[in-house]
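Me: I'd like to go through this one chain by chain. Can you put it up?

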Amino acid sequence: MSQSYDRGLIEDFGRWQEFSAGMWAWIFHKFTGWVLIGYLFTHVAVLSTATVDGATYTQTLQGLESLLIVRFLEVGLLAVAAFHILNGIRLLFVDLGVGLEAQDKAFYAALIGTAAIAVASIPTFLLGAF
Amino acid sequence: MSTQVQERETDTEAEETSDQQQRRRSETGERDDMRERAETDLSEADETVRIKVFRYDPEVEGKKDPRFDTFEVPFRKGMTVLDSLIYARDHFDSSLTFRHSCRQAICGSDALFVNGRQRLGCKTQMVDLEWPVRIEPLPHAEVVKDLVVDMEHFYDQMEAVEPYFQTNDLPDGELEEQRQTRENREKVKMSTRCIWCSACMSSCNIAAGDNEYLGPAAINKAYRFAMDKREGADIKEHRLNIIEQEHGVWRCQTQFSCTEVCPKDIPLTEHIQELKREAVKSNLKFW
Ligand code: SF4
Ligand code: FES
């Protein structure tokens, strides 16, 4: 053949509506993983600049906690971590070859678990924020 | 249907090779015939199904830009995606190109991308799909023409895992059978069912991004032989060496896409995971 047509990779994310449970699990796992790494670096950077003395530390934290957006981000962070942990457990079973037929259900369970944890944490994180 | 038409064409050719014009006339007549028949088919059919087919032909000016053609095909009970394509080709556009052979899900030539999912044309019932049905060539493979993709890369990956039985310990008698235990046969049973259709490879996101990745089908092939006890320890080690390379089993990120699309229901991810564990076991030493 003189020529062939390469439809490329662009279509991949255009097909998101057709993604299966396993694919979503993979995407969310990657995403939450990167968010956690990003958070880790920010966390280290912020706290290490704040630990000059006790007063600065308290001031920094109080300053952060007084921002409404930070309170919301904390809920988000917990959700991200919870999903990464729960799906991590799912992946552990996948690696061990246990219950592979139920991997999609395990993913949905991880999602539900994440939602439950996030909702349950709202009172703690948002108390007195308004 | 298709054989009929072709036979007639060859007949005409044999008789009238010298008279091109007449031949062309008779071909046009034949095409009119077909169209007429299609029209009666269509008016008689209780129901028609619309298929949108990906078209591309690099050799014809004006068809170089990929596009979708729509065909209205009379629906009948038991109609598969492949049937509808055959109908469209035989009645509407003889240049519509796609691979098929066995029509019973065993030759592996008609893996297509139907309504956003890799499926075998001959194994997919029209009634199970949402209409209109969109039919495209397999993603992540170069399109040669219409629904035909270049399978070379897939075959290369299959060859890479040495997809044939090898052994060092042959039985003594020349004609003696190489017996396999029942359990061992059960173990490899599902993996032997692969028909080399490439649906799994096409569905795999990782294979799409990493051209050297062996891909699910090849790893499954490796599994089929690595788990076959008759091959012996040496050869198993050799096989594990192939699959545990950088672009072997470790590329798999357990998206389960391959398992989901395999028309032969092979638990591909499960096999890949098992080989990962085998690879670890063969390398781990605690002393
Ligand atoms: S493993 Fe399944 S999807 Fe992949 S080539 Fe074989 S039959 Fe086709
Ligand atoms: S035509 Fe042979 S597998 Fe579909």
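Me: How many helices and strands are in chain B?

Reply: Chain B holds 11 helices and 7 strands, where helices (H or I, at least four residues) and strands (E, at least two) are DSSP runs numbered from the N terminus. This is a predicted model, in which local features need pLDDT of at least 70 and side-chain atom pairs count only at pLDDT 80 or more, while totals for chains, interfaces and linings use all residues. Residues are numbered from 1 along each chain as its sequence is written, chains are lettered from A and ligands numbered from 1 in the order in which they are written, and side-chain values use heavy atoms, with hydrogens and water left out.

Me: What share of chain B is buried?

Reply: Buried residues are 48% of the 287 in chain B. Buried means under 20% relative accessible area, exposed over 50%, and partly exposed in between (1.4 Å probe, protein chains only).

Me: And which helix there is mostly covered?

Reply: Helix α3 of chain B, residues 81-91, with 11 of its 11 residues buried. Among them are B:Asp83, B:Arg89, B:Asp90 and B:His91, along with B:Leu82, B:Leu85 and B:Ile86.

Me: Switching to the ligand. What surrounds ligand 1?

Reply: There are 14 residues around ligand 1, and the closest are B:Cys194, B:Cys197, B:Ser198, B:Cys200 and B:Cys262. A residue is near a molecule or strand if one of its heavy atoms lies within 4 Å of it. The shell divides into 12 nonpolar, 1 polar and 1 charged. In that scheme Ala, Val, Leu, Ile, Met, Phe, Trp, Tyr, Cys and Pro count as nonpolar, Asp, Glu, Lys and Arg as charged, and the others, Gly among them, as polar.

Me: Lots of cysteine in that list. How many disulfides over all chains?

Reply: The count is 0, taking a disulfide as a pair of cysteine sulfur atoms within 2.5 Å.

Me: Is B:Cys200 buried or exposed?

Reply: B:Cys200 counts as buried because its relative accessibility is 9%. B:Cys122 is also on the buried side, at 12%.

Me: What about B:Ser198, where does that sit?

Reply: B:Ser198 is in the loop between α5 (182-189) and α6 (199-203) of chain B. Its relative accessible area is 7%, so B:Ser198 is buried. Its phi is near 80°, a positive value in a residue other than glycine.

Me: OK, chain A. What's the pattern along the sequence?

Reply: Chain A reads α-α-α-α-α, with 5 helices and 0 strands. Buried residues are 26% of its 130.

Me: How far does α2(A) reach?

Reply: The 30 residues of α2(A) reach 42 Å from first C-alpha to last, close to the 44 Å expected at 1.5 Å a residue. The expected span is 1.5 Å times one less than the number of residues. A:Trp26, A:Ile27 and A:His29 are among its buried residues.

Me: What does A:His29 touch?

Reply: Not counting residues up to four places away in sequence, A:His29 touches A:Phe83, A:His84, A:Asn87, A:Gly88 and A:Leu91. A:His29 has a relative accessible area of 18%, so it counts as buried.

Me: And A:Glu74, which helix is that in?

Reply: A:Glu74 is in α4 of chain A, residues 68-96. At 22% relative accessibility A:Glu74 counts as partly exposed. Leaving aside neighbours within four places in sequence, A:Glu74 is in contact with A:Glu65 and A:Phe125.

Me: Last one: what caps the N-terminal end of α3(A)?

Reply: A:Asp53, with a side-chain oxygen 3.1 Å from the backbone nitrogen of A:Ala55.

How values were computed
Polar contact = N/O pair within 3.5 Å; in protein donor to acceptor, adjacent residues only side chain to side chain. Contact = heavy atoms within 4.5 Å.
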